[in-house]
Number of protein chains: 4
Amino acid sequence: MDTRIRDSFARQAFLQNLGAQITHLEKGCVQIEVPITPQLSQQQGFAHAGVAFSIGDSAAGYSALTMIDDGFEVVTSEMKIHLLAPAIGTHLRAKGGIIRAGRKLLVVEADVYALQADGSERHIAKLMGTMVPVPL
Amino acid sequence: MDTRIRDSFARQAFLQNLGAQITHLEKGCVQIEVPITPQLSQQQGFAHAGVAFSIGDSAAGYSALTMIDDGFEVVTSEMKIHLLAPAIGTHLRAKGGIIRAGRKLLVVEADVYALQADGSERHIAKLMGTMVPVPL
Amino acid sequence: MDTRIRDSFARQAFLQNLGAQITHLEKGCVQIEVPITPQLSQQQGFAHAGVAFSIGDSAAGYSALTMIDDGFEVVTSEMKIHLLAPAIGTHLRAKGGIIRAGRKLLVVEADVYALQADGSERHIAKLMGTMVPVPL
Amino acid sequence: MDTRIRDSFARQAFLQNLGAQITHLEKGCVQIEVPITPQLSQQQGFAHAGVAFSIGDSAAGYSALTMIDDGFEVVTSEMKIHLLAPAIGTHLRAKGGIIRAGRKLLVVEADVYALQADGSERHIAKLMGTMVPVPL
């Protein structure tokens with residue numbers, strides 16, 4: 001499982017260019033982090049909603065991938081994100097999870113946190129959506 | 001209106017780094033395009049869902065901004081995206097629109113298309129969500 | 001197509017008890033109406049959001065059913081509704097539509113209108129979601 | 001708080017007609033139950049998605065109402081529901097909760113369970129959405 005996911009992640013040029021890394025990986029729960037740099041900001045100087053979406057969606061998708069057979073990938077069918085607070089801090093951390101793992105589709109979620117200089121987490125976004133397994 | 005939106009867009013480092021540009025701007029409808037480069041790809045080689053989200057969300061948000069008073073910005077409260085087809089082509093084009101413009105919040109949408117080499121558009125994503133005006 | 005959908009609708013006790021009727025049926029677009037009665041109201045005296053959801057979801061689902069093979073039903077996987085205005089009027093009318101008809105799932109939408117005494121339509125809700133075909 | 005919510009609930013003709021009752025009420029968490037009767041069924045004989053939506057949305061809304069000042073109501077701005085399993089059992093139970101309570105809007109959630117004859121709960125739906133406070 002580990003190798004399959006890390007190989008897939010290494011091919012994700014977009015996430016690599018954001019500076020994203022997998023920081024935790026267990027069955028049903030993958031965590032992705034990205035440093036908050038000026039390059040990721042929107043017009044107010046906070047990290048763009050698209051960054052929180054990208055790592056939240058990816059954490060949810062890789063969490064789904066840990067649940068399914070080798071020989072399959074997952075693709076996002078739909079995803080909703082609520083932005084809860086400004087993305088201010090040193091890093092963003094997305095924690096994926098599984099709400100229901102079906103055969104044809106998986107309902108997934110992710111919580112995104114902004115890490116503060118003192119090490120605390122601020123909850124800045126919540127995602128819930130649908131992943132579909134597709135043959136490799 | 002035009003200046004306010006182009007100034008805001010110029011401060012969006014994340015969108016600038018994606019290579020995004022505003023290609024159409026009228027009241028209630030802003031269009032954003034980004035070239036599909038290898039840097040934006042996910043593990044299958046198509047543009048990452050986070051790219052379609054980012055320009056769709058931004059096109060919807062700037063469409064909302066054209067509807068409200070000077071002295072306000074908008075922030076995304078929540079957004080749902082359906083991914084309809086792989087993001088394959090030369091560019092992604094997001095067209096924002098307004099479903100309902102209220103005083104406290106605006107319901108917005110965006111359609112994202114992948115431009116093909118022959119100039120045709122392929123519908124690859126649809127977004128619907130909520131924008132909230134906040135004082136500058 | 002017509003018979004299959006009307007038979008399915010006739011078995012929908014919940015919709016029947018709401019007083020719902022199919023008022024239009026063509027490939028990709030089914031319309032359902034319900035009279036706004038005091039029995040459907042919420043605490044402010046307007047029709048409850050659950051009524052708009054129920055007929056919108058059903059109009060979208062039957063629109064999906066017109067697109068797929070005999071021997072299958074559709075079930076709602078997920079659905080988002082935006083409430084745009086109070087449900088005040090004589091009837092609610094939901095118009096379903098198809099955004100993308102795939103083999104494993106269909107992305108659908110519905111618009112819900114409150115009919116006014118003068119015959120005009122007021123847009124009160126918009127839905128977008130996912131239907132999954134399942135064998136009968 | 002208790003009286004305000006029970007009074008509001010008593011005016012909800014639609015929920016009353018479904019047979020819904022508030023079975024738990026504390027700050028940030030209201031629970032609503034409804035018996036699964038043949039009158040609530042869809043074409044397959046399970047409770048209609050509209051029933052799960054209606055009590056989930058209401059449980060989330062009343063949970064929000066416990067968080068805000070007297071003199072205000074809440075209305076649903078948007079709500080997404082994932083249907084996770086068929087609504088088979090003796091009752092449906094919706095448990096509302098708060099994700100973030102802001103001044104202008106509240107992000108809420110609800111989990112809906114089908115109670116089995118042996119007293120166990122089956123998770124059949126999950127909702128996440130936005131409530132807006134409005135003056136009474």
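## Basis of the model

The structure is a predicted model, in which local features need pLDDT of at least 70 and side-chain atom pairs count only at pLDDT 80 or more, while totals for chains, interfaces and linings use all residues. Residues are numbered from 1 along each chain as its sequence is written, and chains are lettered from A and ligands numbered from 1 in the order in which they are written.

## The fold of chain A

Chain A contains three helices and six strands. Helices (H or I, at least four residues) and strands (E, at least two) are DSSP runs, numbered from the N terminus. Read from the N terminus, the elements of chain A follow the order α-α-β-β-α-β-β-β-β. The radius of gyration of chain A is 14 Å, close to the 14 Å that the globule rule gives for 136 residues, so chain A is as compact as a globular protein of that length. Here the radius is taken over C-alpha atoms, and the globule rule is 2.2 Å times the number of residues to the power 0.38. Along the principal axes, the C-alpha atoms of chain A fill a box of roughly 40 × 25 × 25 Å.

Of the 136 residues in chain A, 54% are buried. A residue is buried if 20 or more other C-beta atoms lie within 10 Å of its own, exposed if 12 or fewer, and partly exposed in between, with C-beta atoms placed from the backbone. Two residues are in contact if their C-beta atoms, placed from the backbone, lie within 7 Å. Among contacts in chain A between residues at least 6 apart in sequence, 66% join residues at least 24 apart.

An open sheet of twelve strands runs in the order β1(A)-β2(A)-β4(A)-β5(A)-β6(A)-β3(A)-β3(B)-β6(B)-β5(B)-β4(B)-β2(B)-β1(B), with antiparallel pairing. Strands pair if DSSP finds at least two bridges between them. The edge strands are β1 (21–26) of chain A and β1 (21–26) of chain B, each of which pairs on one side only. On average, neighbouring strands of this sheet are turned by 25° against each other, direction ignored. Axes are lines fitted to C-alpha atoms, for helices over the stretch in contact, and angles run from 0 to 180 degrees between N-to-C directions.

Within chain A, β1(A) and strand β2 (residues 29–35) run antiparallel and are joined by five bridges; in β2(A), A:V30 is the bridge partner of A:L25. Helix α3(A) packs on the sheet, touching β2, β3, β4 (91–101), β5 (106–115) and β6 (121–135) of chain A together with β3 of chain B, and its direction makes about 40° with that of β4(A).

## Where chains A and B meet

In chain A, 27 residues are in contact with 27 residues of chain B. On the side of chain A that touches chain B, α2 (13–18), α3 (49–65) and β3 (72–83) each supply at least two residues, and the largest share, eight residues, comes from β3(A). The residues of this side divide into ten nonpolar, 13 polar and four charged. In this grouping, Ala, Val, Leu, Ile, Met, Phe, Trp, Tyr, Cys and Pro count as nonpolar, Asp, Glu, Lys and Arg as charged, and the others, Gly among them, as polar.

Strand β3(A) pairs with strand β3 (residues 72–83) of chain B in the antiparallel sense over five bridges. In β3(B), B:M79 is the bridge partner of A:I81. A rotation of 180° with 0.0 Å of shift along its axis superposes chain A on chain B (RMSD 0.0 Å), by least squares on the C-alpha atoms of residues with pLDDT of at least 70 in both. In chain A, the C-alpha nearest the axis is that of A:K80, 2.0 Å from it. The copies meet through the same surface, because 100% of the interface residues of chain A are also interface residues in chain B.

## Chains C and D

Chains C and D contribute to an open sheet of twelve strands with antiparallel pairing, in the order β1(C)-β2(C)-β4(C)-β5(C)-β6(C)-β3(C)-β3(D)-β6(D)-β5(D)-β4(D)-β2(D)-β1(D). At its edges stand β1 (21–26) of chain C and β1 (21–26) of chain D, each with a single partner strand, so one side of each is left without a neighbour in the sheet. Five bridges join the antiparallel strands β3 (residues 72–83) of chain C and β3 (residues 72–83) of chain D. In β3(D), D:I81 is the bridge partner of C:M79.
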